[in-house]
Amino acid sequence: MEAGVLFSGGKDSALAALMLARDYGVELNTCVFDPDRDVPAVRAAAAALNLPFKRRVLGRDLLEEAVDLLLSCGYPNDAITMIHRTAIETLSHEYAVVADGTRREDRVPRLKRSAVQHLEMTTGCSYVRPLLGYGKPEVERLAERLLVVQYGETGSIGNGDYEEEIRRAVRARGIDPASLFPPGHRQSLVVGKRET
């Protein structure tokens, strides 16, 4: 059975994919808004994991809707969760199992239990979150043992996180995105897999 994993190229989604690969045929899916945006570093991360990769285009309309939501709220949480829900719904039309790398203490993106139940009942897919029971220290320990990871501020590494394109779209409207996003947000990018 195939499992479609939302994949940013970071350690969390990589660990989730490795856990699922024990029981499913895993395909890594990175979502972008701009059809011309390539994600070579994310492709390389997928290759390092030796898992198939797909780049999916969610479209500029969704990006504009997310930016409108972000600007009306004044913070990114709801916009990023809306995008994440759309990405999961997109994958649910192709895969019987859809997964991501959300952890126990993640606040964003995070679907509420009722949204997960609605998704599963209306699409027939199973939405699994292999890291949901793992706290950040344990994820860090596993990542150190299994993966070679590069870290950097959002936008300084070429991962497939939604935030980079959202920031660019906010900037295109003449607004400094730094006023809307928390400072010092550290991102990760898998650059290799350790031999265990």
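Does C31 count as buried or exposed, and at what relative accessibility? In this predicted model, C31 counts as buried, at 4% relative accessibility.

**View 1. Cysteines C31 and C73.**
The buried residue C31 has a relative accessibility of 4%, whereas C73 counts as partly exposed at 28%. For C31, the closest cysteine sulfur belongs to C125 and is 14 Å away, too far for a bond. A disulfide needs two cysteine sulfur atoms within 2.5 Å, and the count of disulfides comes to 0.

**View 2. Helix α2, buried face.**
Helix α2 covers residues 40-49, and V42, A45, A46 and L49 are buried in it. Viewed down the axis of α2, these buried residues fall within an arc of 100 degrees, so they line one face of the helix. An α-helix has 3.6 residues a turn, so residues three or four places apart point the same way. The cover over the buried residues of α2 includes helix α1 (11-20) and the strands β2 (25-32), β3 (53-57), β6 (147-153) and β7 (186-193).

**View 3. Helix α2, the opposite face and the end.**
P40 and A47 are exposed and sit on the face of α2 turned away from its buried side. Just after α2 comes N50, with a positive phi of about 60 degrees.

**View 4. The largest nonpolar core.**
This core has 32 residues, and those touching the most other members are F7, L15, V26, L28, L49 and L147. Two or more residues each come from β1 (2-6), α1, β2, α2, β4 (97-99), α6 (136-146), β6 and β7. Helix α1 gives the largest share, 7 residues. Apart from this core lies another, of 29 residues, including F33, V98, Y162 and A169.

**View 5. Surroundings of L147.**
L147 is among the core residues that touch the most other members. Leaving aside residues up to four places away in sequence, L147 touches K11, A14, L15, L18, L49, L142, V190, G192, K193 and R194.

**View 6. Arginines over aromatic rings.**
The ring of Y151 has the charged end of R186 over it, 3.9 Å from the ring centre. At F181, the charged end of R167 sits over the ring, and the distance to its centre is 4.4 Å. For pairs between aromatic rings, with centres required to lie within 6.5 Å, the count comes to 0.

Note on methods:
Residues numbered from 1 in each chain as written. Predicted model: local features only at pLDDT ≥ 70, side-chain atom pairs only at ≥ 80, totals over all residues. Heavy atoms only, no water. Phe/Tyr/Trp six-rings, centres within 6.5 Å; stacked < 30°, edge-to-face > 60°. Lys NZ or Arg CZ within 6 Å of the ring centre and 35° of its normal. Buried < 20%, exposed > 50% of the residue type's maximum accessible area, 1.4 Å probe, protein only. Helix = DSSP H or I, 4+ residues; strand = E, 2+ residues; numbered from the N terminus. Arc of directions from axis to C-beta. Contact = heavy atoms within 4.5 Å. Core = buried A, V, L, I, M, F, W, Y, C linked by side-chain atoms within 4.5 Å.
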